Amino acid sequence: MSLQPMEVHGGAEVHLQPVEALTLEQGDVPEGDSRGKPMLGQIPGGIYGPVVKGAHAGEASFTISLHKEDNTTVTIKLGPSLSPSCRIRMKYVIMSELKIKPGDNVTFTFTCSTPEKYFIMEIKKNIDCVSGPCPYGDVHLYPPGLPRLNRTYIWDVQASTKAGLELKFSTPWLRQIEPGEMCPDSISYNINSSIDKATVNIGTFCRNGSVSRIKLLGGVVMSLHLPWHSPLITSGFNIANRASIKRLCIIESILKGESSITLMSPNYPLGFPEDELMTWQFVIPPSLRASVFFHNYSLSNCERKEERVEYYIPGSPSNPEVFKLSDSQPANIAGSFNMSLQGCDQDAQNPGVLRLLFQVVIQHPQVDENVTHLVDLSKEKNMTVKIHLEGWPSQSPFMSEPICLICKDPRTCDRVVTLTSGAVYRISFLCKDLSRLRITAEKGIGCMDIRWCQRKIYSLSVPKVITRLPIRLHMFIWKLLATDLINVEITSPSLKLQQHVQGQRCNTSYSYSIVSATPETELNVGVFCPGGSIEKIQMRNNITISLKTFGKGSINESVPQDLKMSFVPHIKDECTFTVSPNPKSKVYLETPNWLHGLPPYVSISWFIIVPNKQTARLGFSKDRMGIACETGRAFVNIKEEALGAEEIVRREDELLPQPRIMHHNFWVNVSNCKPVDKTQLVLQFWVTLADKQIDLGIILAVVAGAGVLTAIGLTVYCVKKKKKKTQNPMVGVYNANVNTQMPGKKGFFRKGRQNNESHVYAVIDDAVVYGHLLKESNGSVAPEVDVYRPFDGPFLPPSPPPFSFRKDSKRSSNIEEERPPLTDTGQDTYTFAHQKPGQSEDSGDANKKGKGDTSVPLLENKEMGGLVE
């Protein structure tokens with residue numbers, strides 16, 4: 001191969017030679033031989049390195065002298081993934097790597113002014129403590145005069161397992177870190193145990209910690225990583241000889257004040273060696289208390305023995321105390337103690353991984369640690385109570401300060417404690433500030449057979465054993481579970497509920513979040529707080545009710561709770577609200593799932609109660625529904641509970657009704673279609689009440705009518721005197737040729753009572769109309785007359801209009817004629833007078849035509865069928 005000379009480095013003549021690394025043996029000097037050629041020793045093939053003729057002025061030079069007895073090797077090489085734009089120059093040779101062995105004396109320079117950007121340095125010292133005397137004492141950083149590069153010092157100490165080694169660290173001691181974690185000052189120690197040919201990574205450590213000593217069985221490989229700008233001039237540890245410790249290692253940690261330290265098992269997270277034993281020694285002043293918490297662990301698959309941890313605790317009657325890794329570990333330990341990790345014989349085919357990351361918390365004894373709080377859950381069912389730090393679990397309490405511990409007994413403490421129903425606990429707190437603690441509780445209530453649950457009323461209130469604790473309640477959750485045909489009814493008899501909506505926000509110390517869920521969908525019914533107008537909510541599916549406190553409020557005995565729950569038979573709509581508006585304020589109501597819109601094909605109803613002497617004004621907060629339907633149609637239906645009341649129907653493509661006056665109780669129903677993408681059905685409406693306005697003309701008409709009736713009464717009285725005492729007065733005769741449908745909702749009839757003939761009689765004599773005035777003073781039998789009996793039974797709100805899922809709808813009365821009849825639970829009762837045997841002939845004819853007993857209301861067969869659900 002022919003190479004052409006070229007000029008580099010300030011005009012010096014350079015010839016290219018195949019050079020990758022330059023290795024200098026003792027006594028070798030890169031001078032020319034008798035033929036004037038450079039002697040490069042053993043140079044492996046690789047890139048071409050320039051051989052320089054002539055000197056290069058102005059470059060800083062470094063001289064490294066290694067004594068042979070020091071058994072130290074220095075290697076300078078390019079960092080990983082760095083381009084060789086900077087080189088090492090040694091006399092006439094330029095190279096990318098330089099290895100200096102024991103006994104060498106080398107002077108070199110770099111071809112750039114910032115070699116720390118490109119080169120790293122490794123200084124390795126082998127120490128033989130097996131065949132010769134061991135150099136115990138302080139370990140020095142050798143050799144001096146090294147260039148300022150990122151460097152790693154490695155001490156490889158060979159020792160017998162019969163005589164262990166001890167690494168003793170000078171203050172500020174060491175702190176163990178997880179793999180991949182960086183030290184703040186970029187100075188780190190890595191410690192490996194070397195037994196025969198096996199190497200175990202004890203851990204990686206930063207400065208400023210509590211680890212003061214590490215005792216190892218056999219040899220050790222100690223590494224110190226220093227950045228190029230580090231001012232550190234000492235190694236920070238020494239080596240001492242120890243007797244055999246009969247275990248992998250012992251790590252000593254000295255804690256002087258309140259603190260929290262984290263430690264890991266060797267080889268973490270890859271796995272603790274099989275069937276090994278190691279120990280941590282914690283040196284703690286008698287005035288402090290220590291608690292141990294396991295945060296991350298896994299177990300291997302054992303063939304023999306069992307993985308465990310053992311504690312030697314001063315004053316314990318059962319040393320060692322043995323725990324599984326899954327147990328709650330000891331807490332509130334007074335004074336120094338030891339903790340050991342024992343592995344097992346693993347399954348050769350599937351060994352698994354034993355690893356452990358744990359935390360030791362040190363704190364002063366708390367003033368009130370002997371104060372216990374009784375939490376009696378023996379009479380509760382299906383309830384769990386968690387006491388935890390604020391922010392849990394989204395903000396893990398793993399390293400938070402100040403330290404707060406909850407104790408079930410003096411030695412069982414943790415930052416999160418779970419209490420279960422059916423037990424009694426005595427809780428104490430090792431915490432300086434109880435205001436940082438919270439309670440989250442959950443209770444399940446189920447019903448699988450409506451026959452056993454229907455008449456039962458459950459109180460959804462926080463038990464007093466929780467409210468009496470000196471800790472703020474964060475959340476209490478009720479999970480109500482039932483089968484498909486059983487639904488849930490929520491009531492608040494005295495306080496009622498207010499929906500938390502825009503324009504009407506809750507200002508109480510707590511609120512209820514209600515969610516209805518199925519495996520396919522979740523319906524967020526809304527957020528409610530006490531003190532509103534909602535009397536009742538009926539919901540389908542499984543229900544979750546979450547009481548959550550906010551602000552500075554709390555739940556205690558002075559704050560009333562009035563939420564009741566019962567299981568009811570199947571309801572038609574997904575959710576039905578019963579609302580009794582407050583006369584003094586505007587009530588805002590909105591559809592569930594406000595943030596994400598009403599789910600497809602879901603129907604929601606509101607039954608609004610209007611007092612007799614008042615009217616309601618209903619209005620919507622926007623003009624349109626704001627959605628477009630992919631399949632089906634969306635409807636808003638409004639219907640008063642009054643005879644002949646018009647039904648108002650609006651589709652998604654129509655304007656919503658303008659504010660209107662409602663004189664009777666009424667229904668609002670919202671039914672969704674399947675909306676097209678990015679459109680959601682969200683509606684808000686409001687209701688206000690006002691006193692009814694009485695017309696002066698009506699008052700005058702009533703007064704005039706009273707006068708007319710008085711005159712008629714006098715006239716009848718005079719006529720009565722002319723009648724014979726034996727005369728049987730004529731009674732109202734039922735005419736079977738006319739419509740006899742019972743008056744009721746417009747949905748039941750083709751005509752209202754004002755335009756049908758159900759009230760027409762064939763013969764009505766004036767004696768019938770005023771028959772009650774003809775009764776003799778001597779007690780003769782009064783004539784039978786047509787009697788109207790007002791309904792005085794229990795009031796039940798009617799079912800919501802069954803028009804939720806029609807694809808199209810006509811307006812007003814046409815819609816009513818198309819839909820099937822509804823169950824009427826609040827109708828007035830009418831009875832028709834009938835003749836006894838032997839009475840007038842007209843009456844008998846009527847009975848023949850009727851073909852039935854007219855002592856009961858007469859309805860057509862098809863109407864009777866429609867009244868049965």
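Let me start with strands β24, residues 289–300, and β31, residues 352–363, which pair in the antiparallel sense over 10 bridges; strands here are DSSP runs of E with at least two residues, numbered from the N terminus, and two of them pair if DSSP finds at least two bridges between them. This is a predicted model, in which local features need pLDDT of at least 70 and side-chain atom pairs count only at pLDDT 80 or more, while totals for chains, interfaces and linings use all residues. Residues are numbered from 1 along each chain as its sequence is written, and side-chain values use heavy atoms, with hydrogens and water left out.

Within that pairing, Tyr297 stands opposite Leu356 in β31. Both strands belong to an open sheet of 4 strands, ordered β22-β31-β24-β28, with antiparallel pairing. At its edges stand β22 (259–264) and β28 (333–334), each having a single partner strand, so one side of each is left without a neighbour in the sheet.

Turning to the rings, a search of the whole structure finds 21 aromatic pairs; rings of Phe, Tyr and Trp, the last by its six-membered ring, pair if their centres lie within 6.5 Å, and planes under 30 degrees apart count as stacked, over 60 as edge-to-face and the rest as tilted. One of them is Tyr458 with Phe567, edge-to-face at 5.8 Å centre to centre and with 80 degrees between the planes. Because Tyr458 lies in β39 (residues 458–459) and Phe567 in β47 (residues 564–569), this pair ties together parts that are 109 residues apart in sequence. Tyr458, at 17% relative accessibility, counts as buried, and Phe567 counts as buried at 0%, where buried means under 20% relative accessible area, exposed over 50% and partly exposed in between, with a 1.4 Å probe and protein chains only.

The rings of Trp606 and Phe685 have centres 5.0 Å apart and planes at 85 degrees, so this pair is edge-to-face. It links distant parts of the chain, with Trp606 in β50 (residues 603–608) and Phe685 in β58 (residues 684–691), 79 residues apart, and both Trp606 and Phe685 are buried. Elsewhere, ring pairs link Tyr153, Trp155, Phe169, Tyr189 and Phe237 into a cluster.

Finally, the chain overall: how many helices and strands does the protein chain have? There are 7 helices and 60 strands, helices being DSSP runs of H or I with at least four residues, and buried residues make up 45% of the 869 residues.
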